[in-house]
Amino acid sequence: MRKSFVWTSCLAAALAFVACGDDSSTSSNNVEYEDDKLVSSSSNDDDDDGKKEEKSSSSVSKDEKEKSSSSSKEEESSSSADKSGIRAATLDDFGKNMVLKGMFGTDINLSVGSKNGMFTLWLPGKTQDSAWVSVISDFKDGKLEMNSTNTGVASIPGEGTISSMKKLSEGAKISFVVDKEGTLKYVFEGDTNVVETGKAKIDDNYLSSIDDLAKKQLTCANGDTTIVYSFFEDSYLMQRISGKDTTDWMGGRFDIQRNKLLLKPTLFRLRAGSLYTVDVSTSYAMNFSSGEKLKCEASELKFSSIAKKDLATEWDASKDGDSWVLNLKQDGTFELTANNGVDEIREGQWDLFGDNMILKNEICLNTECQNVVGRLTNFDAKKGFTYEHTASYSADLKEHPAEFPTEWQLPRYE
């Protein structure tokens, strides 16, 4: 078996642009950010509190003074933030559709996903929307932090605001706060402005809720190939099938917002856009913003829910006298070896879509190794699972190495 290390291509970078800068509030709104913590401007009441503390500490020892002074400053900082009434926003402060007033000199729509943690900025147009920026976020401390990994961009050709929105994908942050009057505001590139509740007209000819598509499979004829979209509870998997072979695949997160299906890829073969926007009719025809159109048939999707955190550990297997180890790491990378790396070494990225797992190679011991797509069955977090997968080596390889196993067990330790 010819052996050589080969780096295979990693996730294709698509639509990457320049960062937009930090955020901080204007002084007129009495909101400031220091080391990513929300504080407010000082007030006269706080100064009086400091003077009172200084007088009371004059009768104690030096050590006690220092402790008292330190404690006083902490309490003063905390009470100042409390007195201001300003706080970081939470998801409870948002409706499904909002409007960021004055962003990029115009009004930008913000859709807050009902599931999957997907937030989307939309640039509205007179006849059609013209740019979309979707970010996967846990919205910690009221912030949307965007980068090329968690953010996808789609747009029609154009400059101006369209170009400005594209730049968000390589490093930008929008912070959301609620002021003492209870007004929801956003902070972006040093400016603070109001967030208002918006409206989105529903077109009954198209799907309008993620529940309309979750747990469904769309099978679409496309020339000599069949494209299958599987929509799970919080992810999707697309597979392009020619005959019995899967020739192309893409998996990621999805949501339906403002009558639009949004597909954010996370793992894919060869190349993929960073975001796909699709109109899906009630008859399940898919019309992509790129112009592609597919006629599809829908069916119920049956699958077993598997928590990714339960799968992310080390698994062992034995086949034909070979010992295998598959280490699925929490950070989304994997290592696969056979016989302590003598007969097989692979490293790359992995992800779970419903009960389907993808292993995307970045390093292979053998030049003919292939990415692997397959379904997990009989999963037991304390025992093991069955992994029915595509071929891990090219069928044209004359000296064909052993395929790695389908049966995996949790290792035992003393």
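A salt bridge is a side-chain nitrogen of Lys or Arg within 4 Å of a carboxyl oxygen of Asp or Glu. The model shown here is predicted: local features need pLDDT of at least 70, side-chain atom pairs count only at pLDDT 80 or more, and totals for chains, interfaces and linings use all residues. Residues are numbered from 1 along each chain as its sequence is written, and side-chain values use heavy atoms, with hydrogens and water left out.

**View 1. R375 and D355 meet in a salt bridge.** The two side chains come to 3.0 Å, N to O. R375 lies in strand β27 (residues 372-380), and D355 lies in the loop between β25 (344-353) and β26 (356-364), so the pair ties together parts that are 20 residues apart in sequence. Strands here are DSSP runs (E, at least two residues), numbered from the N terminus. Is D355 buried or exposed? D355 is buried, with a relative accessible area of 1%. R375 is partly exposed, at 37%. Buried means under 20% relative accessible area, exposed means over 50%, and partly exposed is in between (1.4 Å probe, protein chains only).

**View 2. Two further salt bridges link K185 with D179 and K329 with E335.** The closest N and O atoms of K185 and D179 are 3.3 Å apart. Both of these residues, K185 and D179, are buried. The K329 and E335 side chains meet at 3.0 Å, N to O. K329 has 28% relative accessibility, so this lysine counts as partly exposed. E335 is partly exposed too, with a relative accessible area of 32%. The structure's count comes to 10 salt bridges.

**View 3. A disulfide joins C220 to C296.** A disulfide is a covalent bond between the sulfur atoms of two cysteines. The cut-off used here is a pair of cysteine sulfur atoms within 2.5 Å. In this link the distance from S to S is 2.0 Å. C220 lies in strand β14 (residues 216-222) and C296 in strand β21 (residues 293-300), so the bond ties together parts that are 76 residues apart in sequence. The link is right-handed, with 100° about the S-S bond. Both C220 and C296 are buried.

**View 4. C364 and C369 form another disulfide.** The S to S distance is 2.0 Å. This link is right-handed, with 105° about the S-S bond. C364 is buried, and so is C369. How many disulfides does the count come to? The count is two. With the bonded cysteines of the protein chain numbered in sequence order, the pairing is 1-2, 3-4.

**View 5. Aromatic rings pair up at several sites, and the structure holds 15 aromatic pairs.** Rings of Phe, Tyr and Trp (its six-membered ring) pair if their centres lie within 6.5 Å; planes under 30 degrees apart count as stacked, over 60 as edge-to-face and the rest as tilted. F231 and Y236 form a tilted pair, 6.4 Å centre to centre with 35° between the planes. Both F231 and Y236 are buried. W324 and F404 also form a tilted pair, 6.1 Å centre to centre with 50° between the planes. W324 lies in strand β23 (residues 322-328) and F404 in the loop between β28 (384-389) and β29 (407-409), so this pair ties together parts that are 80 residues apart in sequence. W324 is buried, with a relative accessible area of 3%. F404 counts as buried at 1%. Elsewhere, F94, F119, F139 and F176 form one aromatic cluster.

**View 6. Arginine charges sit over the rings of W122 and Y393.** A charge sits over a ring if NZ of Lys or CZ of Arg is within 6 Å of the ring centre and within 35 degrees of the ring normal. The charged end of R258 is 5.8 Å from the centre of the W122 ring. For R346 over Y393, the distance is 5.1 Å.

**View 7. The structure holds one cavity of 30 Å³ or more.** A cavity is a set of points on a 1 Å grid over the protein atoms alone where a 1.4 Å probe fits but cannot get out; lining residues have an atom within 4 Å of a point. Grid points are joined across faces, edges and corners, and a volume is the space filled by probe spheres set on the points. The largest cavity has a volume of about 30 Å³. Which residues line the largest cavity? The lining is L110, F119, T120, L121, V133, V135, L144 and M146. Strands β7 (118-123), β8 (131-136) and β9 (143-146) each give two or more residues to this lining. The largest share, three residues, comes from β7.

Terms used:
Helix = DSSP H or I, 4+ residues; strand = E, 2+ residues; numbered from the N terminus. 1 Å grid on protein atoms, 1.4 Å probe; cavity = no way out; pocket = protein on both sides within 12 Å on 5 of 7 lines; lining within 4 Å.
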